[in-house]
Structure formats: structure tokens, C-alpha cells
Amino acid sequence: MCRLFSFPVWFVLSLVWTGIVAYLGYVNVPYVPMDMSPSDPATQEALRSAMTKHTLMYGLLAAGPPAIALAFGWLLCRKS
């Protein structure tokens, strides 16, 4: 069973997962619409806030599941 959760398998699957999440994060990045003024301070602050939330959400989404899978695999293989 530990061969199923080996480190190289986990590493490749984590890279694939991170790549998919990075692509989705890039596609869904917040932007300023054409009908709004990009030099308005309120618009800049709203964009900065949206970018911060976007970055944190996609960063946690990219790092969380691989970390949980690594911990689960380590605990499973340690017992056997």
C-alpha cells in the first residue's frame, strides 16, 4: 500500500494539481472593467483587496490538498 503513496507519485500529482489551480487562478484573476476609472483611489483599493483575497484563496487551494495527502500518506506508511 505504501507504494501507492510513494513520494514521487505524490510529487507528480501535486505538480499536476498545482498547475491546474494556477491555470484556474490565472484565468479568474480580478481586473478593472473598461467602464471604471483605474486611477480612482477607491477602485485601486477594491482591486488590491480582491487581488489579496484571490491570491490567498488560490494559494491555499493549491497547497492544502497536497499537504493533506502527504500527511495522510506518511501516517499510513509509518504504521505498516
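This is a short walk through the fold, the surface and a few side chains of one protein.

Keep in mind that the model is predicted.

Start with the fold. The protein has two helices and zero strands. Helix 1 covers residues 7–27. Helix 2 runs over residues 41–79.

Now the overall dimensions. Along its principal axes, the C-alpha trace spans about 60 × 20 × 10 Å. The radius of gyration is 19 Å, whereas a compact globule of 80 residues would have one near 12 Å.

How much of the protein is buried? Buried residues make up 12% of the 80. The accessible surface comes to about 6400 Å². Carbon and sulfur atoms account for 75% of that surface.

What about contacts along the chain? Take those between residues at least 6 apart in sequence: 69% of them join residues at least 24 apart.

Thr43 sits in helix 2. Is Thr43 buried or exposed? Its relative accessible area is 10%, under the 20% cut-off, so Thr43 counts as buried. Which residues does Thr43 touch, leaving aside those up to four places away in sequence? They are Val32, Met36 and Ser37.

Next, the surface. There is a nonpolar patch with about 1100 Å² of accessible area in total. Among its members are Val12, Leu15, Val16, Ile20 and Leu24. Tyr23 and Tyr26 belong to the patch as well. Helix 1 supplies the largest share, 10 residues. Leu70 is also a patch member, and Leu70 lies in helix 2. At 37% relative accessibility, Leu70 is partly exposed.

Last, the rings. A pair of aromatic rings is described by the distance of the centres and the angle of the planes. How many aromatic pairs are there? The count is two. In one of them, Phe7 and Trp10 sit 5.3 Å apart, centre to centre, with 35 degrees between the planes. That pair is tilted. Both residues are in helix 1, three residues apart, about one turn of the helix.

Phe7 also pairs with Phe11.

Phe11 is partly exposed, at 40%. Both belong to the nonpolar patch.

To put the rings together: ring pairs link Phe7, Trp10 and Phe11 into a cluster.

How values were computed. Residues are numbered from 1 along each chain as its sequence is written. This is a predicted model: local features need pLDDT of at least 70, side-chain atom pairs count only at pLDDT 80 or more; totals for chains, interfaces and linings use all residues. Side-chain values use heavy atoms; hydrogens and water are left out. Helices (H or I, at least four residues) and strands (E, at least two) are DSSP runs, numbered from the N terminus. The radius of gyration is taken over C-alpha atoms; the globule rule is 2.2 Å times the number of residues to the power 0.38. Buried means under 20% relative accessible area, exposed over 50%, partly exposed in between (1.4 Å probe, protein chains only). Contact means heavy atoms within 4.5 Å. Accessible areas come from the Shrake-Rupley method with a 1.4 Å probe; for residues, only the protein chains shown count as cover. Patches are made of residues with over 30% relative accessible area and no salt bridge: like charges are joined within 9 Å, nonpolar side chains (Val, Leu, Ile, Met, Phe, Trp, Tyr) within 5 Å. A salt bridge is a side-chain nitrogen of Lys or Arg within 4 Å of a carboxyl oxygen of Asp or Glu. Rings of Phe, Tyr and Trp (its six-membered ring) pair if their centres lie within 6.5 Å; planes under 30 degrees apart count as stacked, over 60 as edge-to-face and the rest as tilted.
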